[in-house]
Structures are given as structure tokens and as C-alpha cells.
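Keep the sequence and the model side by side.

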Amino acid sequence: MSVRRTIKKTVYAFIYVLLLGGFCTLVILPFLPEKPQYVAPVVTQTFSPIKIENIVVLPHLTDPGPFGKTIDVVARIKNENVRSGTGKYPVVLLVKDPSGATIGSVEQVAYVLPGGVQYIAFIDVPVPSNKEFGTVEIQIPNNVSLEQLPDSARLPEFTVFLRERSSVAVGTQQIERQTGIVTNNSTFDWEKVEVTGVALDEKGNIVGIGKTFVGKLLLGEQREFTITWPVPLSPTSRVIAIATTNIYSDENIVHIIGDPSSLR
């Protein structure tokens, strides 16, 4: 009996201690200082602004072509963000008369690839026959949402090989024609690849602008292209041609080798 009584007393004492500890906790807990909660740091990503540089205008006014009085305009898009770009970069070209009044406008939705320099070209922009051309202005978007590529993603790689350059007559206008071959060295097949070329004289001034699309270009495939511009007054000394594609357009990716999310 004594052993059983001792066990009962022990159990009662244990229950009493638990009840007393719980009561004290309820009384004291509101007065204790709160334990600081862990807050994950917020990473704010900043991007360098995209710049439009070196705007060059080539007027075709005194010797109009098949589209009448026109101008060609080329500018460089400079993006210093090495892993970020955008698939939608709307740019508006304003054509103005000598007084600064707008006499025409053209919009082009360009794309900006990460970390590099591209050309944006406006070809055969019309100038009203009853207006006098003065200058141009390029308006860029105020707010651009850039998309960052993962470190494992590879940017498109194209090789451009220029071939012969010749002059041909198209109606009453003399056209300079540059041919070449573009090769897709990327890890992707692309639905639409474009080639932009600028002709330079011996002083390095831009004297001609051309742009063309070569269409679908599979991995390792080569495609011939031809770009043209009116024969310049200052003879062409050399041509720079750059092939690009919009990596941010899902419709532009024909086939992906490996992980389909590698560009996202």
C-alpha cells in the first residue's frame, strides 16, 4: 500500500507542477519582449538605361526612287545590361521640316538583346512631296520592363560572311547590292533572323543602310542574303553586317536543344 500511495503522490505532484508552470507561463508571457522575426532581405535589381546613339539620316530627295522622296535612318541601340534585354522596344521616328514641325512619323517595335550594340534601321521613310525635309527625332519608351536571362542561357551566335558587292539599275535608280552568307552557330533553331548592314566610306561615315530577313535558320544552317541601298555619292569602302534575332519571342524558337526553359 505504501508503494501505491507513493506513486499516487508522485503523479499528483507532477500534474501540479505542470499546471503551475502553465499558469505562470500564461501570466508572464505577455510581459516578455517579443522575439525578433527573421525577414528575408529584399533584392532590388537595377538596370542601366538603354541608349540610342549616333543617329544618321540619308536623304533621297533630289533623285527620288520608286517611293518618291524618302529618307533612310539608322541608329545604334546600346544596352549595357549584360544579361537583360527586352522583346518589345517601341521606337517612334518623327520626320520634321526645317521649322521643327512634324510632317511624318513611323513606329517600329524593336527588340533589344542583352549586353551589346545593335542597329535599328528605318528604310524608305516617306517625305511628303509638298514638304521640305529638315531633321528627325527618335522617341524611345519611358518605361521598359527588362527580362533577365539565367546565367546558363547562351545568346544567339551568327557568323556573317560578306561576298561580292555590285551596282545594278532598278528603273532610273542605281542600287548598290551586297550579298553574303549567314550561319546559325547557336544552340537554337530560329524562325526569323534579320541582317542589317551599313555601308561606310573611306572616312568611316555611313553612306548606305540595308536590311533584310532570311527567314527560318536551323542549327548549323547557312543562308544567302542580299541587302541593298541607293548608290552613295561617296563610294562605299566597306560594309558592316550584323545578324540578330528576337530571343524573347516564343514563336521565334523553332526547336530547342536541351532544357526548353534555358532562355527563361
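Ala, Val, Leu, Ile, Met, Phe, Trp, Tyr, Cys and Pro count as nonpolar, Asp, Glu, Lys and Arg as charged, and the others, Gly among them, as polar. By that scheme, the lining of the largest pocket divides into 8 nonpolar, 4 polar and 1 charged residues. A pocket is found on a 1 Å grid over the protein atoms alone: it is an open set of points where a 1.4 Å probe fits, with protein on both sides within 12 Å along at least five of seven lines, and lining residues have an atom within 4 Å of a point.

This is a predicted model: local features need pLDDT of at least 70, side-chain atom pairs count only at pLDDT 80 or more, and totals for chains, interfaces and linings use all residues. Residues are numbered from 1 along each chain as its sequence is written, and side-chain values use heavy atoms, with hydrogens and water left out.

Back to the largest pocket. It holds about 400 Å³ of space, a volume being the space filled by probe spheres set on the points, which are joined across faces, edges and corners. Its lining has 13 residues. Pro59, His60, Val231, Pro232 and Leu233 lie nearest the centre. Strand E1 (51-65) and strand E9 (173-184) are the elements that give two or more residues to this lining. E1 gives the largest share, 6 residues.

Now the overall build. The protein has 1 helix and 14 strands. These are DSSP runs numbered from the N terminus: helices are H or I with at least four residues, strands E with at least two. Of the 264 residues, 37% are buried, meaning under 20% relative accessible area with a 1.4 Å probe, protein chains only.

Follow E9 next. Strand E8 (residues 158-170) pairs with E9 in the antiparallel sense over 11 bridges; two strands pair if DSSP finds at least two bridges between them. Arg165 stands opposite Gln178 in E9. The two strands form a hairpin with 2 residues between them. In the turn, Gly171 has a positive phi of about 65°.

Finish at strand E10 (residues 188-200). It is mostly covered, with 11 of its 13 residues buried. E10 pairs antiparallel with strand E11 (residues 206-217) over 9 bridges, and Val193 has Gly215 in E11 as its bridge partner. Their hairpin has 5 residues between the strands, and Gly204 takes a positive phi near 90° there. E10 also runs antiparallel to strand E13 (residues 238-244), joined by 7 bridges. Here Val198 is partnered by Ile240 in E13.

Terms used:
Buried < 20%, exposed > 50% of the residue type's maximum accessible area, 1.4 Å probe, protein only.
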